[in-house]
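The tour goes from one selection to the next.

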Amino acid sequence: MMGSQTHCELHVVDFTDEKMKPGTDAWLSACSVVRTALEEHGCFVARYDQIGKELCDSVVFALEELFSLPMEIKAQKTSDKPFHGYLGQVSWLPLYESLGIDDPLTSQGCRKFTHIMWPEGNDRFWFQFPYSDSINKYSKELGRLDHMAKRMVFESYDVDMQRCDSLIESSDYLLRCMKYRAPQMDENDLGMHCHTDLTIISIVHQLNNLNGLEIKLKDGKWNGVDASSSLFVVMAGDALNVWSNGRIRACEHRVIMNAKKNRYTTGLFSFNSKMMRIPEEVVNEQHPLRYKPLFDHYEYLRFYDKEKIKESHARIQAYCGI
Ligand SMILES: O=C(O)CCC(=O)C(=O)O
Ligand SMILES: [Fe+2]
């Protein structure tokens, strides 16, 4: 599965630009790039330097410790929602392991997770120098990027900013932490099969600078994304496809493990805790209403759990198509 290119075919939005604030020309033109990118490929690459190498290193160190815990301990992180708990030792994804941290933008969320992994009250790992609060700090910065991306999407379709604020306020977050070990001689290089996420937006970061994430472009070609501490892939999930009345594509992506070392990635996943309504601004003559106008995100997750429909279009259509 060789031959994918770097991120050059994907749209890049530069959040390191000081002028990137609502109301500026830089912001306005970014809004239009974001909309084009999401309609074409379901994602864009964000250049964002608020996290920095040092914080990344400390999160990598934290994940190394976390995944080196015994399997029985990791398996204690369970959840009634798909992909929120521990996943590992999956026969068809032998390289892959993941753990979800609920509510990672708050220090209580991070602490609660710590207590599941270290029930003796071993806060040493999270709260002592040099990793003190690093996961929380890291997640909060990703959260800021998530909010900016959502504002840009709403603005690009001329949807009221108050409705964006209320969507953001009712967003639940999950930090998925992932580890892929290097394949052995007799194993293939598939880290994660092609899929779309069930989220509103997922922000994926190749944390320890090892490539592997590939995006399926509009024309069906696979496009690799360069790993860097300052590059983040902002992907539309199924719920954003529904919100946009099908105009934004849910991003199809996969992971090919060509690294010889353990690869660590994170994804900040957002879900809507309240009913989401398709805004009338995205419905018009050329784009007649495709889905039932009220979308219950957690019911959709339960539907996925029950029906296990792999293909994104078929899944969304079966759940809320009209
Ligand atoms: O690890 C990656 O690069 C992507 C992971 C992913 O797609 C997911 O967890 O949904
Ligand atoms: Fe994904």
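This is a predicted model: local features need pLDDT of at least 70, side-chain atom pairs count only at pLDDT 80 or more; totals for chains, interfaces and linings use all residues.

Stop 1: Select residues 25-40, which form helix H1. H1 has 16 residues and spans 23 Å from its first C-alpha to its last, close to the 22 Å expected at 1.5 Å a residue.

Now colour Ala30, Val34, Arg35, Ala37 and Leu38, the buried residues of H1. Looking down the axis of H1, you will find these buried residues within an arc of 165 degrees, so they line one face of the helix. An α-helix has 3.6 residues a turn, so residues three or four places apart point the same way.

What does the face turned away from the buried side of H1 carry? Select Asp25, Ser29 and Ser32: they are exposed and sit on that face.

**Stop 2: the partners of H1.** Show strand S1 (12-14), strand S2 (43-47), helix H6 (134-156) and strand S9 (231-236); the buried residues of H1 pack against these elements. Then go to Gly42, which follows H1 and has a positive phi, near 80 degrees.

**Stop 3: the ligand.** Select ligand 1 and the residues that surround it, among them Arg176, Asp197, His253 and Thr265. The shell divides into five nonpolar, five polar and two charged residues. Strands S4 (171-180), S6 (201-206), S10 (253-256) and S11 (263-272) each supply at least two residues of this shell.

Stop 4: Select residues 170-273, which UniProt lists in an unreviewed entry as "domain: Fe2OG dioxygenase". Over residues 170-273 the chain is 6% helix and 47% strand. The end C-alpha atoms of this stretch are 6 Å apart.

How values were computed:
Residues are numbered from 1 along each chain as its sequence is written. Chains are lettered from A and ligands numbered from 1 in the order in which they are written. Helices (H or I, at least four residues) and strands (E, at least two) are DSSP runs, numbered from the N terminus. The expected span of a helix is 1.5 Å times one less than its number of residues. A residue is buried if 20 or more other C-beta atoms lie within 10 Å of its own, exposed if 12 or fewer, and partly exposed in between; C-beta atoms are placed from the backbone. The arc is that of the directions from the helix axis to the C-beta atoms. Two residues are in contact if their C-beta atoms, placed from the backbone, lie within 7 Å. A residue is near a molecule or strand if its C-beta atom, placed from the backbone, lies within 6 Å of it. Ala, Val, Leu, Ile, Met, Phe, Trp, Tyr, Cys and Pro count as nonpolar, Asp, Glu, Lys and Arg as charged, and the others, Gly among them, as polar. UniProt positions are given in the numbering used here, feature names are shortened, and annotations may be inferred rather than shown by experiment.
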